[in-house]
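Please look over the sequence and the structure shown here before reading on. The notes below are meant for someone meeting this structure for the first time.

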Amino acid sequence: VDNIAARYGMQLKNVHFKTEGTIPEGKDYGTVTFGFSVQGSYSTLKTFLADLERSLRLVDLTSLSFNSGEKDLYEYTIELTTYWSK
């Protein structure tokens, strides 16, 4: 996620983990939910999210909010759940 954000001059801030990585009993995969903030224009955010969608890492966007800033600069707060196999 950090590498994708860096392509667009976005820096991850306020990174926090909502759930620790766990593999539930009887499942062949684990999940972890984490959040972060990035700053950029709306068009940059759309491109960033499109790259996340196309990445090999499976992620679900679970939350997205934003605060307005100067001109076309916004701060986005994003929460993702990612998956991995055993």
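The briefing that follows goes from the overall fold to the salt bridges and then to one residue.

This is a predicted model, in which local features need pLDDT of at least 70 and side-chain atom pairs count only at pLDDT 80 or more, while totals for chains, interfaces and linings use all residues. Residues are numbered from 1 along each chain as its sequence is written, and side-chain values use heavy atoms, with hydrogens and water left out.

**Overall fold**

- The protein chain has two helices and four strands, which are DSSP runs numbered from the N terminus (helices: H or I, at least four residues; strands: E, at least two).
- Along the sequence these elements follow the pattern α-β-β-α-β-β, and the C-alpha atoms fill a box of roughly 50 × 25 × 15 Å along the principal axes.
- Of the 86 residues in the protein chain, 31% are buried, where buried means under 20% relative accessible area, exposed over 50% and partly exposed in between (1.4 Å probe, protein chains only).
- Among contacts (heavy atoms within 4.5 Å) with a separation of 6 or more, 61% are between residues 24 or more positions apart.

**Salt bridges**

- The whole structure holds three salt bridges, each defined as a side-chain nitrogen of Lys or Arg within 4 Å of a carboxyl oxygen of Asp or Glu.
- Arg7 forms a salt bridge with Asp51, with the closest N and O atoms 3.1 Å apart; because Arg7 lies in helix α1 (residues 2-7) and Asp51 in helix α2 (residues 42-54), the pair ties together parts that are 44 residues apart in sequence.
- Asp51 also forms a salt bridge with Arg54, the closest N and O atoms being 2.7 Å apart, and these two residues, three apart in helix α2, are separated by about one helical turn.
- Arg7, Asp51 and Arg54 are thus linked in a network of salt bridges, in which Asp51 is buried at 12% relative accessible area, whereas Arg7 is exposed at 57% and Arg54 is exposed at 59%.
- Glu79 forms a salt bridge with Lys18, the closest N and O atoms being 3.6 Å apart, and this pair links strand β4 with strand β1 (residues 13-22), 61 residues apart.
- Glu79 is buried, with a relative accessible area of 17%, while Lys18 is exposed at 55%.

**Around Thr81**

- Thr81 is placed in strand β4 (residues 74-85) and is buried, with a relative accessible area of 10%.
- Not counting residues up to four places away in sequence, Thr81 touches Thr31, Val32, Thr33, Leu58, Val59, Asp60 and Thr62.
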